[in-house]
Amino acid sequence: MFAALLTSLLACQDPTPTPAPPPATPAQQPEPAPKVEAWDDKTAKAAADELTKLMKGTPSMAEKSAALERVASGSNKLLVKPLAQIVERDKSVLIRKRAAELIANQPAADAGDAILRLLKNSRVNAFPAVMAELVRALSGAGYTSANWRDIDNLFEQDYLAERVPLHEAILDLITRHKEKQALPLLLRNLDEPIPSNVQEAKNPPAEYWEARWKAWAVWREKVKEALFAITGQRFSTAAEAKEWLKKNPLK
């Protein structure tokens with residue numbers, strides 16, 4: 001009897017409390033980017049000469065990265081040339097991309113001119129990831145509507161997967177600057193890309209449509225956001241957008 005009662009009482013007691021889990025370790029925060037400050041010509045020239053000398057040798061990736069980080073906080077027109085040379089010539093795409101990022105830190109007029117030259121350079125155009133960084137750099141380095149003619153033809157050169165970051169960078173630039181000249185491009189790339197007539201002799205091969213569809217699936221929402229930035233309206237199809245623009249021409 002007593003044993004049964006004891007068993008019943010023990011069953012009614014609160015279970016042994018589970019020990020509290022140790023506090024979660026806070027996620028490591030990325031180090032803030034170095035503050036960019038204007039360098040005098042003497043300081044900038046010394047840094048530019050050091051960078052140029054190093055790159056003429058056979059430095060390791062670590063040495064090249066460290067050299068770029070030493071100029072990451074500086075802004076002076078004298079830094080533009082050595083950084084542009086790295087974007088054009090270095091064997092590492094990562095180093096080229098970082099140099100392109102740092103060009104954006106330089107005085108806007110000098111940086112913008114260098115970026116536009118690089119965007120036309122065939123040695124750079126072969127690396128879409130580097131081109132994407134240059135477009136982002138231009139967007140933050142005094143982009144004006146006069147520069148659109150140098151950007152316009154880059155988007156539709158092809159739709160291969162490696163060019164998707166470039167597509168996205170261009171769409172971000174259009175959105176940031178509300179570039180009205182980009183409307184034709186946006187309308188051509190708003191709808192799902194499918195051939196209208198597969199029997200037509202000029203119709204691109206299936207591989208083209210597959211690549212284009214996969215690229216479109218990645219950045220289609222960015223196309224819509226760019227149209228919204230320019231028009232203040234949201235559209236589901238190009239026909240809908242064209243009809244609205246016909247009634248509401250943009251100035």
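**Helix packing and confidence**

Helix 8 (residues 128–139) packs against helix 10 (residues 164–177) at an angle of about 10 degrees, their axes 8 Å apart. The model is predicted.

Q: Why are helix 8 and helix 10 called roughly parallel to each other?
A: Their angle is about 10 degrees. Angles under 35 degrees count as roughly parallel. Helix 8 and helix 10 are therefore roughly parallel.

Q: What makes the contact between helix 8 and helix 10?
A: Helix 8 brings Pro 128, Met 131, Ala 132, Val 135, Arg 136 and Ser 139. Helix 10 brings Pro 165, Leu 166, Ala 169, Ile 170, Leu 173, Arg 176 and His 177. By class, that is 9 nonpolar, 2 polar and 2 charged residues.

Q: Which residues of helix 3 and helix 5 meet?
A: From helix 3, Met 61, Lys 64, Ser 65, Leu 68 and Glu 69. From helix 5, Leu 94, Ile 95, Arg 98, Ala 99 and Leu 102. This contact has 6 nonpolar, 1 polar and 3 charged residues.

Q: Where in the protein is confidence lowest, and where highest?
A: Helix 1 (residues 2–12) is lowest, at a mean pLDDT of 39. Helix 10 is highest, at 98. Over residues 1–18 pLDDT stays under 50, and the model has 0 contacts there beyond four places in sequence. The protein's mean is 88, with 84% of residues at 70 or more.

Note on methods:
Residues are numbered from 1 along each chain as its sequence is written. This is a predicted model: local features need pLDDT of at least 70, side-chain atom pairs count only at pLDDT 80 or more; totals for chains, interfaces and linings use all residues. Side-chain values use heavy atoms; hydrogens and water are left out. Axes are lines fitted to C-alpha atoms, for helices over the stretch in contact, and angles run from 0 to 180 degrees between N-to-C directions. Helices (H or I, at least four residues) and strands (E, at least two) are DSSP runs, numbered from the N terminus. Angles under 35 degrees count as roughly parallel, over 145 as roughly antiparallel, 65 to 115 as roughly perpendicular and the rest as oblique. Contact means heavy atoms within 4.5 Å. Ala, Val, Leu, Ile, Met, Phe, Trp, Tyr, Cys and Pro count as nonpolar, Asp, Glu, Lys and Arg as charged, and the others, Gly among them, as polar. pLDDT is the predictor's confidence in each residue, from 0 to 100.
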